[in-house]
Amino acid sequence: MSGKARYVGDVPIERLAHGAVVTATIASGRITAIDISATLASPGVIGVIDHRNAPRVNPEAGSPFFGPDGQLQLLQDDQIAHGGWPVALVVAETHEQARAGAERLRVSYVEQPHDVAFSAGHPAARPALAAFGPDANKGDLDAELAASAVVVDESYTTPAQHACAMEPHAATAWLEGAVLRAIDSNQAPYGIAAQLATLFGKSLSDVRVQAEQVGGGFGSKTGLGPQLILATMATMLFHRPVRVALTREEVFLATSARPRTDQRVRLGADRDGRLRAIGHEAAFEISGKSEFIENCVEIAKTLYAANAIRTRLNVVPLNILPVASVRAPGTAPGSFALESAVDELAERLGMDPLELRRRNEPEVGPVSGLPFTSRKFQLCMSEGARRFGWAGRDHRPRRRREGHLLIGTGMAGTSFLTTAFPSSATITAEQDGTFTVAIAAIDIGTGARTALHAIAADALRVGWDRIRLRIGDSAIGPAWQAGGSLGTTSWGWAIVAAARDLLEQLESGPALPVSVTSDTTEEIMSRPHRERHSYSAVFAEVAVDPATGEVRVRRLVGRFAVGRVVNPLMVRSQLTGGMIMGLSIALLEEVVRDEVSGRQVNADFAGYHFAANADVPFIDADFVEDHEPDDPLGLKGPGEIGTVAVAAAIANAVWHATGKRHRELPIRLDRVIED
């Protein structure tokens with residue numbers, strides 16, 4: 001680490017002005033007055049933007065998956081949608097002057113009743129969008145449950161969680177003639193440029209978004225963020241480059257989080273452990289401003305064989321910040337519920353939880369009936385169990401003690417959907433014998449640069465030193481985002497396609513330089529319909545102090561099937577980081593909202609807890625041999641599969657230690673402590 005990387009807030013820009021955001025102090029209502037006189041009198045203040053003078057934006061702008069997004073409609077009217085909604089931007093010569101001016105702005109409101117109380121039985125609950133496919137309705141669930149020897153019927157809840165990327169959201173925008181330029185901390189330069197163009201009524205050719213260095217994202221930077229919208233408005237009004245860098249509190253209040261969920265899981269099995277029925281019904285909260293799908297029920301359709309499988313997905317609109325993807329969306333909370341229920345079923349059967357999972361291995365997709373491209377779930381479990389020392393475990397709870405501590409072990413497994421999305425790449429054979437590889441990919445700290453460099457060198461059959469890589473620029477062309485564990489898979493495919501075509505052209509000895517641009521749309525869309533997943537098995541050992549409620553994770557062992565591994569060191573790092581995030585989800589992370597005010601009350605790193613170094617145990621993360629046959633490189637994404645099974649494995653280990661089930665996350669001290 002040289003410290004030379006420049007993030008968005010570090011890039012010098014001439015005549016740069018700074019914007020400070022003012023957020024709403026109420027959760028529902030409207031603005032009645034904004035007094036800017038004291039702010040305008042503050043040193044260095046250039047001006048104030050609010051709903052009275054902000055540029056008008058396109059109300060149809062939004063997500064290609066979920067439709068128009070009200071979260072993009074900043075400063076368009078006097079309505080307050082949730083606590084923390086941006087109501088003004090103060091622009092000044094320096095960051096400090098902008099903040100000082102923002103503190104002097106006075107906003108008056110008429111408050112209206114708000115609702116932030118989430119429950120699956122909320123009267124406003126309704127079916128979620130079906131953009132990711134219909135509910136599963138295989139077989140007769142009720143009949144199979146009635147015929148089952150053993151039934152589990154329990155509810156599991158998870159809290160809202162933030163991504164907490166190290167680099168807060170920041171953007172700098174300026175105009176070069178008719179072209180809107182921006183440097184923005186994001187996970188999708190091309191996609192965000194397209195959203196920005198639609199929002200402000202510009203052609204895509206007149207918008208260029210760059211993101212050379214990004215300090216983490218975990219899903220929170222996949223969409224067009226408030227920092228870039230507000231910076232764009234400011235540069236349009238004041239004809240200066242403007243930087244908007246959110247404070248940590250503003251990141252919590254104004255950028256999206258994972259929603260709360262309430263999930264009912266019903267499992268029915270014969271005495272030998274064969275599943276007859278899987279029912280998974282989930283509800284999650286959304287904002288009234290935009291739609292979203294937290295697909296908690298997806299793995300119930302793919303992980304285990306059963307005669308009947310039924311899934312249902314509902315949403316509950318509330319006065320909250322619009323929700324969005326956080327690492328392993330849907331599958332992280334969904335796997336906690338399903339894999340906790342599987343452990344409960346094993347307990348009631350008196351069976352090894354690992355053996356129960358082995359007995360329910362499907363030959364084809366349990367709902368779709370489609371073949372698997374590769375399925376290494378069994379291998380993950382056997383290799384993980386061997387490394388962990390699972391054999392010989394006494395499966396009865398509360399049997400191991402070390403002094404006053406209760407010791408337990410648990411496991412869980414899961415799958416994560418893997419595919420590739422169309423992208424383009426351009427490769428130029430230069431006169432000096434080098435190759436310039438350009439793709440609008442983005443490295444958010446995952447090591448994508450290194451992986452793509454290696455892929456390009458391999459595809460072009462040259463040494464590493466002959467590759468020059470350009471990424472992080474929407475002007476390069478369409479490319480998928482760094483999200484869904486699909487970035488390197490999608491980008492690598494585009495690079496391989498361009499390299500193949502370029503090498504064919506070079507065989508005729510043309511004059512250099514020669515450029516070739518690939519577009520993988522046709523190749524990707526013509527693949528056969530199959531089930532494509534990565535897999536994991538995670539094993540945990542915990543020590544629980546019943547007097548204080550403290551849970552300490554002593555060991556985490558994970559084995560993962562993630563396709564061909566381009567860079568083993570980076571993949572292990574990704575998997576280890578994912579497991580640490582899963583530990584945080586299990587024991588610590590929780591957005592807390594005050595139902596009286598409607599605001600988040602722990603919008604800082606003092607109140608929103610996640611694992612620090614002292615919380616991280618010995619972690620053994622590794623991969624099993626795997627290959628994705630429908631991908632030219634054999635890749636599957638390793639980013640999110642590391643997270644998804646960890647919370648259930650830890651919860652199952654806490655039950656094994658204490659004899660008490662924890663169906664609500666996080667497993668806090670007050671929920672564990674014994675009298």
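Analyst: We will look at a sheet, then at the helices beside it, and finally at another pair of helices. Please keep in mind that this is a predicted model.

User: In what order do the four strands of the open sheet lie?

Analyst: A sheet is read across its strands, and here the order is E23-E22-E21-E24, with mixed pairing in an open sheet. At the edges are strand E23 (467-470) and strand E24 (514-519), each of which pairs on one side only. From one strand to the next, the twist averages 15°.

User: In which sense do E22 and E23 pair, and over how many bridges?

Analyst: Strand E22, residues 435-438, pairs with E23 in the parallel sense, and four bridges join the two. To find one of these on the model, look for Thr-436, whose bridge partner in E23 is Arg-468.

User: At what angle do H10 and H11 pack, and how far apart are their axes?

Analyst: The angle is about 25°, and the axes of H10 and H11 are 9 Å apart. Because angles under 35 degrees count as roughly parallel, H10 is roughly parallel to H11. The crossing in which H10 passes H11 is right-handed.

User: Which residues meet where H10 packs against H11, and how do they divide into nonpolar, polar and charged?

Analyst: On the H10 side they include Ala-451, Leu-452 and Ile-455, while on the H11 side Trp-491, Ile-495 and Val-496 are among them. The residues of this contact divide into 13 nonpolar, two polar and no charged.

User: How do the axes of H13 and H15 cross?

Analyst: The axes of helix H13 (residues 568-587) and helix H15 (residues 646-658) come within 8 Å and cross at roughly 50°. That angle makes H13 oblique to H15, and their crossing is right-handed. Met-579, Gly-582, Leu-583, Ile-585, Ala-586 and Leu-587 of H13 make the contact with Val-646, Ala-647 and Ile-650 of H15. The residues of the contact of H13 with H15 divide into eight nonpolar, one polar and no charged.

Technical notes:
Residues numbered from 1 in each chain as written. Predicted model: local features only at pLDDT ≥ 70, side-chain atom pairs only at ≥ 80, totals over all residues. Heavy atoms only, no water. Pairing = 2+ DSSP bridges. Axes fitted to C-alpha atoms, helices over the stretch in contact; angles between N-to-C directions. Parallel < 35°, antiparallel > 145°, perpendicular 65-115°, else oblique. Left-handed = near helix turned anticlockwise from the far one by under 90°. Contact = heavy atoms within 4.5 Å. Nonpolar A, V, L, I, M, F, W, Y, C, P; charged D, E, K, R; others polar.
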